[in-house]
Amino acid sequence: MTAVLQQGCTVWLTGLPSSGKTTIATALAERLRGDGHRVEVLDGDVIRSFLSAGLGFSREDRDTNVQRIGLVAEILARNRIIALVPVIAPYRASREAVRKRHEQSGTPYLEVHVATPVQVCAKRDVKGLYARQAAGELTGLTGVDDPYEVPESPDLRIETQNQTVRESAVMLHALLIVRGLL
């Protein structure tokens with residue numbers, strides 16, 4: 001399908017580990033690509049392996065990671081690409097700095113809180129993090145023994161425990177339309 005002329009934007013999906021951020025971003029990306037949109041998914045785990053290799057999980061390192069991802073997303077969005085960013089980004093100040101960078105360049109930015117309760121995330125435990133933390137093999141797990149600052153007024157809040165992945169992706173697609181980004 002031919003690419004459609006589009007405005008770029010960044011859609012930042014924040015939430016706890018195993019909340020469904022990447023799953024929703026991937027489902028939405030498939031739909032958008034099917035409609036001819038240029039889309040990139042900047043998955044936090046993949047970015048950590050390359051762009052942020054060598055960073056740990058201290059607050060300073062987490063902030064650095066978020067700012068690096070935010071810069072890449074903003075550059076993509078300025079160049080008419082929809083950047084879907086499923087990244088925990090546990091600290092409000094880091095997310096706000098990314099938003100401000102986008103505002104300064106006139107680049108649309110949406111914050112989506114994937115608001116899955118920690119108990120549901122622990123049951124999903126996609127990467128085994130919650131089990132490792134419970135066994136004492138891991139410390140600093142966001143939302144358990146390390147802070148996660150819930151967004152105060154996200155552009156959208158998705159409660160994945162109450163709906164399917166498809167329904168979550170449809171909600172996010174609808175937000176893009178309402179905001180004039182599709």
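Is Cys121 buried or exposed? Cys121 counts as buried, at 0% relative accessibility, where buried means under 20% relative accessible area, exposed over 50%, and partly exposed in between (1.4 Å probe, protein chains only). Cys9 is likewise buried, with a relative accessible area of 0%. The structure holds zero disulfides, a disulfide being a pair of cysteine sulfur atoms within 2.5 Å.

This is a predicted model, in which local features need pLDDT of at least 70 and side-chain atom pairs count only at pLDDT 80 or more, while totals for chains, interfaces and linings use all residues. Residues are numbered from 1 along each chain as its sequence is written, and side-chain values use heavy atoms, with hydrogens and water left out.

## The sheet

Helices (H or I, at least four residues) and strands (E, at least two) are DSSP runs, numbered from the N terminus. Two strands pair if DSSP finds at least two bridges between them. Five strands form an open sheet with parallel pairing, in the order β2-β3-β1-β4-β5. At its edges stand β2 (39-41) and β5 (156-158), each of which pairs on one side only. On average, neighbouring strands of this sheet are turned by 20° against each other, direction ignored. Such angles run from 0 to 180 degrees between N-to-C directions, and the axes are lines fitted to C-alpha atoms, for helices over the stretch in contact. In general, strands of a sheet pair through backbone hydrogen bonds, either parallel or antiparallel.

Strand β1 (residues 9-14) is joined by five bridges to β4 (residues 109-114), and the two run parallel. Five bridges also join β1 to β3, again in parallel. Between β2 and β3 there are three bridges, in the parallel sense. The table lists individual partners across these pairings.

| Residue | Partner | Strand of the partner |
|---|---|---|
| Cys9 | Ile82 | β3 |
| Val11 | Leu84 | β3 |
| Thr14 | His113 | β4 |

Strand β1 is mostly covered, since six of its six residues are buried. Cys9, Val11 and Leu13 lie on one side and Thr10, Trp12 and Thr14 on the other, and all of them are buried. For β3, five of the five residues are buried, so this strand is largely enclosed by the rest of the structure. Ile82, Leu84 and Pro86 point one way from β3, whereas Ala83 and Val85 point the other way.

## Helices against the sheet

Helix α1 (residues 21-34) has 14 residues, which at 1.5 Å a residue should span 20 Å; its end C-alpha atoms are 20 Å apart, in agreement with that value. The expected span is 1.5 Å times one less than the number of residues. The buried residues of α1 are Lys21, Ile24, Ala25, Leu28, Ala29 and Leu32. Seen down the axis of α1, they fall within an arc of 135°, so they line one face of the helix; the arc is that of the directions from the helix axis to the C-beta atoms. An α-helix has 3.6 residues a turn, so residues three or four places apart point the same way. The buried residues of α1 pack against β1, β2, β3 (82-86), β4, β5 and α7 (165-178), where contact means heavy atoms within 4.5 Å. Just after α1, Gly36 takes a positive phi of about 90°.

Helix α4 (residues 92-105) lies across β1 and β4, and runs at about 155° to β4.

## Residues in the loops

Leu16 lies in the loop between β1 and α1 and counts as buried at 10% relative accessibility. Not counting residues up to four places away in sequence, Leu16 touches Lys21, Val114, Thr116, Val118, Cys121, Tyr130, Thr142, Gly143 and Tyr148. The C-alpha atoms of Leu16 and Glu96 are separated by 18 Å, with the two residues 80 apart along the chain.

Most residues other than glycine have a negative phi, and most peptide bonds are trans. Ala89, in the loop between β3 and α4, has a positive phi near 45°. At 2% relative accessibility, Ala89 counts as buried. Asp125 also has a positive phi, near 35°, and is placed in the loop between α5 (118-124) and α6 (129-134). With a relative accessible area of 15%, Asp125 is buried.
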